[in-house]
Amino acid sequence: PQKAPFQVAPMQLQESFDNTPMISDGDLIMNNQGPFPSNACSSTNADSHPSKYLSRELTTEIQRQNINVRADLAEDVDKYLRNLELEYSSSGCLTRHKITPALRARMVDWMIEVLTNFRCDDQTFFLAINLLDRYFKNCTGSKEVSDLHVTGVTTMFIASKFEDIYPLKMKTVFEKIAHKKLDIKKIKTLELEIMKSIDYKIHAPTILDFLKVYLVEVLGIEI
């Protein structure tokens with residue numbers, strides 16, 4: 001058998017890792033335990049966390065972590081979401097089309113009913129509406145009223161696959177939502193067309209993203 005180029009006993013290997021010097025790289029320190037912030041164990045940093053005096057019996061670890069993260073990053077996250085909202089703005093999405101705001105409103109009501117009946121995540125609905133509007137704004141040509149139904153069905157299908165743990169299946173969409181009135185091939189073709197029109201950037205800030213923040217900050221309600 002071919003002889004190994006070197007041999008290291010298990011204990012020697014472990015000792016070699018234990019004796020590995022720590023390498024400073026900016027705010028990170030690298031050692032055999034992996035990278036971590038240089039101030040991770042700082043008592044001053046821990047004292048500044050707003051969750052420090054919260055009861056460990058009345059709050060969970062996740063709740064306390066969320067409170068700390070919001071205190072540290074809330075302004076940066078809000079600024080990022082607002083800039084992203086402007087980038088993905090869908091204002092004037094119906095200008096070129098024969099679909100009226102009233103017809104869009106009826107479609108929105110129907111999408112609420114559908115996604116609620118199938119127990120989809122709340123964000124699925126808001127994302128589906130966002131995709132609908134962004135597609136109408138970015139697509140080429142003018143869309144007819146008859147295009148609204150298949151577009152709404154397809155955006156719900158995309159949003160569910162993106163957000164839900166158990167997303168809607170094509171069979172469910174075809175049989176239960178479209179009632180076999182829409183061709184599966186047409187849904188798949190439109191799905192690809194929608195993805196191309198939004199440059200495959202599915203997620204964008206929705207009303208729910210901002211609503212969650214306001215409910216926590218103003219009313220102390222987490223949803």
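A residue counts as buried when its relative accessible area is under 20%, as exposed when the value is over 50%, and as partly exposed in between. With this scale in hand, the charged pairs and the nonpolar core of this predicted model can be described in turn.

**Salt bridges**

Side chains of opposite charge can pair when their charged atoms come close. The structure holds 5 salt bridges, and the table sets out some of them, with the distance between the nitrogen and oxygen atoms.

| Pair | N to O distance |
|---|---|
| Arg-82 and Asp-78 | 2.9 Å |
| Lys-98 and Glu-144 | 3.5 Å |
| Lys-143 and Glu-193 | 3.6 Å |

Arg-82 and Asp-78 both belong to helix 3, which covers residues 61–87, and because they stand 4 residues apart there, about one helical turn separates them. Arg-82 has a relative accessibility of 37% and is therefore partly exposed, and Asp-78, at 27%, is likewise counted as partly exposed.

The salt bridge between Glu-144 and Lys-98 joins two loops: Glu-144 lies in the loop between helix 5 (122–138) and helix 6 (147–163), whereas Lys-98 lies in the loop between helix 3 and helix 4 (101–117), so the pair ties together parts that are 46 residues apart in sequence. Where do these two residues fall on the scale of accessibility, Glu-144 with its 34% and Lys-98 with its 51%? Glu-144 is partly exposed, while Lys-98 counts as exposed, because its 51% is over the 50% cut-off.

Lys-143 forms a salt bridge with Glu-193, and this pair also links distant parts of the chain, since Lys-143 is in the loop between helix 5 and helix 6 and Glu-193 is in helix 8 (residues 184–197), 50 residues apart. Lys-143 has a relative accessibility of 14% and so counts as buried, whereas Glu-193, with a relative accessible area of 33%, is partly exposed.

**The nonpolar core**

The largest nonpolar core has 37 residues, and Phe-136 and Ile-187 are the ones with the most contacts inside it. The elements that give two or more residues to this core are helix 4, helix 5, helix 6, helix 7 (170–177) and helix 8. Which helix gives the most to this core? That is helix 5, with 8 residues.

When residues up to four places away in sequence are left out of the count, Ile-187 touches Val-150, Val-153, Thr-154, Phe-157, Met-170, Val-173 and Leu-182.

Technical notes
Residues are numbered from 1 along each chain as its sequence is written. This is a predicted model: local features need pLDDT of at least 70, side-chain atom pairs count only at pLDDT 80 or more; totals for chains, interfaces and linings use all residues. Side-chain values use heavy atoms; hydrogens and water are left out. A salt bridge is a side-chain nitrogen of Lys or Arg within 4 Å of a carboxyl oxygen of Asp or Glu. Buried means under 20% relative accessible area, exposed over 50%, partly exposed in between (1.4 Å probe, protein chains only). A nonpolar core is a set of buried Ala, Val, Leu, Ile, Met, Phe, Trp, Tyr and Cys residues joined through side-chain atoms within 4.5 Å. Contact means heavy atoms within 4.5 Å.
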